[in-house]
Amino acid sequence: MKFHLELTDKCNAACPMCGRTKEMDRCLPDMTKVRNIELDLDLIKRNFTPDLCSRISEIDLCGGLGDPPAARECLEICDYFVGFGIKVILSSNGGLRSEAWWKRLGELFAGTESLVEFHIDGLEDTNHLYRVNTRFGKIMRNAKTYLETGAIGEWHFIPFQHNEHQLADALTMSREMGFSKFRVIDTIRFGEKNGFTYQLPDGSLQELNPANPKLIDALRTDTEKAEPAAPQDQHEHRSTIRCKSEIQNRPYIVATGVVSACCWIEGSEDERRMYSKAGVDQGLTHNIRHRPLEEILLEEPYRTVYPQAWAQQANPVCVRKCARMQRSRRSSL
Ligand code: SF4
Ligand code: SF4
């Protein structure tokens with residue numbers, strides 16, 4: 001099985017489209033959502049027992065409201081999982097921590113399948129326009145130090161109008177630095193407006209616009225690696241929901257300790273309804289700070305309430321993500 005963990009909701013960056021950011025208030029953190037909490041090593045060890053770890057193939061340390069290296073025991077937690085032969089995929093903006101820290105992480109991952117996805121959306125003069133509050137030079141030094149250990153690293157790039165002209169240079173730089181992959185993320189967060197206004201920390205207004213897809217296609221040499229595109233027609237969809245989390249057996253755990261089916265449904269009205277039908281208090285009963293993870297996963301709403309809802313197409317989030325496939329698309333260049 002697999003897991004997706006939000007190690008922490010702390011972050012050094014303030015990406016305007018992130019759920020933690022108040023995009024029209026100088027990209028300050030939304031303290032109604034951010035609690036500055038994290039999962040620590042003791043809690044992880046208590047729930048991810050050696051027996052459970054022996055059945056896990058992969059763990060994603062990614063988002064939702066935080067950058068994993070911001071968790072105090074991120075390195076120790078990676079060490080714990082890698083010790084069981086688990087593939088760890090750590091997503092980061094790369095801007096936190098010292099070069100010595102990234103060297104230690106690289107030494108831990110080197111020779112294994114574990115990897116870091118560095119989310120770098122541009123070069124020196126553009127990356128901070130989306131990855132607000134990060135410094136490109138520091139990110140590059142951290143990435144270089146990590147890659148020099150021989151560990152696997154990927155460069156993930158969200159193309160916007162303001163950085164699309166740098167795609168080719170970033171791709172070349174990624175090859176020179178030793179990144180194993182350069183992946184373009186086609187975000188669906190623009191919605192129908194095709195634009196997103198936000199306020200930088202200095203008070204100035206900025207606009208994000210999607211990149212020209214033709215520019216990306218021109219660089220594409222490996223189209224077969226592209227995941228299927230989201231259907232253009234909002235009403236065109238598969239007749240059945242195929243739950244990604246169920247297929248991959250990949251539950252999500254939030255930094256609060258709460259267990260959820262996946263990061264899309266977590267915190268949504270759909271999820272509240274599932275728990276209300278199950279008669280379970282999610283915050284208290286389905287929280288690894290209070291009860292063992294393995295018990296939680298065997299209980300409702302996972303046993304029958306979710307499958308019934310999928311059969312009835314009752315959850316709009318599930319329909320959108322796992323029938324209409326409205327997901328961000330990643331492709332390798
Ligand atoms: S780096 Fe990730 S967690 Fe941090 S603000 Fe950006 S999207 Fe959110
Ligand atoms: S959105 Fe619904 S169907 Fe899709 S992975 Fe999450 S719980 Fe499963």
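Strand β5 (residues 87–92) pairs with β6 in the parallel sense over four bridges, where two strands count as paired if DSSP finds at least two bridges between them, and helices (H or I, at least four residues) and strands (E, at least two) are DSSP runs numbered from the N terminus. This is a predicted model, in which local features need pLDDT of at least 70 and side-chain atom pairs count only at pLDDT 80 or more, while totals for chains, interfaces and linings use all residues. Residues are numbered from 1 along each chain as its sequence is written, chains are lettered from A and ligands numbered from 1 in the order in which they are written, and side-chain values use heavy atoms, with hydrogens and water left out.

**The sheet**

- Strands β5 and β6 belong to an open sheet of nine strands with mixed pairing, whose order is β12-β11-β1-β4-β5-β6-β7-β8-β13.
- The edges are held by β12 (259–260) and β13 (329–332), each with a single partner strand, so one side of each is left without a neighbour in the sheet.

**Aromatic pairs**

- A search of the whole structure finds 17 aromatic pairs, counting rings of Phe, Tyr and Trp (its six-membered ring) whose centres lie within 6.5 Å, with planes under 30 degrees apart taken as stacked, over 60 as edge-to-face and the rest as tilted.
- One of these pairs joins F3 and F48, whose ring centres are 5.0 Å apart and whose planes stand at 80 degrees, so the pair is edge-to-face.
- F3 lies in strand β1 (residues 2–5) and F48 in the loop between α1 (41–47) and α2 (50–53), so this pair ties together parts that are 45 residues apart in sequence.
- F3 has 0% relative accessibility and counts as buried, and F48, also at 0%, counts as buried, where buried means under 20% relative accessible area, exposed over 50% and partly exposed in between (1.4 Å probe, protein chains only).
- F118 and F179 form another edge-to-face pair, at 5.8 Å centre to centre and with 85 degrees between the planes.
- This second pair links distant parts of the chain, since F118 is in strand β6 (residues 115–119) and F179 is in the loop between α7 (167–177) and β8 (181–186), 61 residues apart.
- Both F118 and F179 are buried, and they belong to one aromatic cluster together with W101, W102, Y146, W155, F157 and F182.

**Ligand surroundings**

- Ligand 1 is surrounded by C11, A13, C15, C18, R20, L65, G66, N93 and R131, a residue being near a molecule or strand if one of its heavy atoms lies within 4 Å of it.
- By class, this shell around ligand 1 has five nonpolar, two polar and two charged residues, where Ala, Val, Leu, Ile, Met, Phe, Trp, Tyr, Cys and Pro count as nonpolar, Asp, Glu, Lys and Arg as charged, and the others, Gly among them, as polar.
- Around ligand 2 stand I241, C243, K244, S245, A261, C262, W264, W310, C318 and C322, with α9 and α14 (316–322) each supplying at least two residues of the shell.
- The shell around ligand 2 divides into eight nonpolar, one polar and one charged residues.

**Backbone features**

- Most residues other than glycine have a negative phi, and most peptide bonds are trans.
- Another cis peptide bond joins E300 and P301, with omega at about 10 degrees, and P301 has its place in the loop between α12 and α13.
- N36, although it is not a glycine, has a positive phi of about 55 degrees; it is found in the loop between β3 (28–29) and α1, and at 45% relative accessibility it counts as partly exposed.
- N133 likewise has a positive phi, near 80 degrees, in a residue other than glycine, and is found in the loop between α5 (127–130) and α6 (136–147).

**A contact across the sequence**

- A168, whose place is in helix α7, counts as partly exposed at 35% relative accessibility.
- A168 and L219 are 51 residues apart in sequence, while their C-alpha atoms are 7.2 Å apart in space.
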